[in-house]
Amino acid sequence: MINMQCYAPWYGSVPGLKVVVPYSCEDARGLLKAAIRDPDPVVFLENELLYGESFPVSEEVLDPSFTLPMGKAKIEKEGRDVTITAFSRMVGYALKAAETLAKEDINAEIINIRSIRPLDRSSINASVRKTNRLVTVEEGFPQHGVGAEICASVVEEIFEYLDAPVERITGADVPMPYAANLERMALPQVEDIVRAAKRVCYRSIPMAAAV
């Protein structure tokens with residue numbers, strides 16, 4: 001399914017469905033084969049803007065038997081200071097944000113969710129136990145989003161490990177604009193992720209205080 005809006009929360013809320021969202025070529029190949037072989041209905045969500053990007057592919061990925069398990073996230077970059085979860089195109093944005101944050105001595109851990117339902121809560125929780133901070137990133141709307149579900153899960157299960165309020169980076173709460181310049185304003189950008197990570201690390205003024 002090709003989409004210019006994020007339907008992950010829509011399908012992810014349906015019991016009985018499995019929902020996967022690839023970021024890289026490795027994700028796409030491994031998850032698509034797993035989805036085809038799975039006996040349950042699987043929604044495979046692709047972002048068409050990723051079609052023009054290139055990714056390194058290992059010999060393991062090219063093996064005919066290569067698949068990826070659904071319900072298992074991937075740590076794209078290990079870190080110690082803040083956990084940043086993302087899926088689909090936002091994984092690339094999160095990795096770029098991590099490069100910027102590293103220049104300010106903030107070591108971010110980037111988690112590629114890969115699977116919306118089932119959600120790999122254990123990997124996310126394990127990362128937050130280590131970093132004590134969480135930023136969720138998605139292109140979807142803020143209300144009833146994937147980030148909201150992750151935030152709720154972390155607060156319910158490991159609240160005592162958080163050293164700062166959770167930050168959610170989402171698309172704007174408006175219908176998706178058609179004009180390219182307005183579309184960019186409606187979607188998360190790398191600088192939004194950087195600012196959120198700095199806030200949870202207490203490296204900048206919180207939004208509430210700034211207002």
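Each stop below gives you something to select and tells you what is there.

Before you click, note that this is a predicted model, where local features need pLDDT of at least 70, side-chain atom pairs count only at pLDDT 80 or more, and totals for chains, interfaces and linings use all residues. Residues are numbered from 1 along each chain as its sequence is written, and side-chain values use heavy atoms, with hydrogens and water left out.

**Stop 1: aromatic pairs.** Rings of Phe, Tyr and Trp (its six-membered ring) pair if their centres lie within 6.5 Å; planes under 30 degrees apart count as stacked, over 60 as edge-to-face and the rest as tilted. That rule gives two aromatic pairs. Select Y7 and W10, an edge-to-face pair with 4.8 Å from centre to centre and 85 degrees between the planes. For accessibility, buried means under 20% relative accessible area, exposed over 50%, and partly exposed in between (1.4 Å probe, protein chains only). Y7 is partly exposed at 25%, while W10 is exposed at 55%.

Now select Y23 and F55, whose ring centres are 5.0 Å apart with planes at 80 degrees, so this pair is edge-to-face. Where in the chain do Y23 and F55 sit? Y23 is in the loop between β2 (18–20) and α2 (25–37), and F55 is in the loop between β4 (46–47) and α3 (59–62), 32 residues apart. Here helices (H or I, at least four residues) and strands (E, at least two) are DSSP runs, numbered from the N terminus. Y23 is buried at 11%, and F55 is buried at 17%.

**Stop 2: a charge over a ring.** Select R129 and Y161: R129 lies over the face of Y161, 5.7 Å from the ring centre. The rule asks for NZ of Lys or CZ of Arg within 6 Å of the ring centre and within 35 degrees of the ring normal.

**Stop 3: the largest pocket.** On a 1 Å grid over the protein atoms alone, a pocket is an open set of points with protein on both sides within 12 Å along at least five of seven lines, a cavity is a set where a 1.4 Å probe fits but cannot get out, and lining residues have an atom within 4 Å of a point. The largest pocket has a volume of about 220 Å³, the space filled by probe spheres set on the points, which are joined across faces, edges and corners. Select G12, S13, I116, R117 and E149, the closest to its centre of the 13 lining residues. α1 gives the most to this lining, with three residues.
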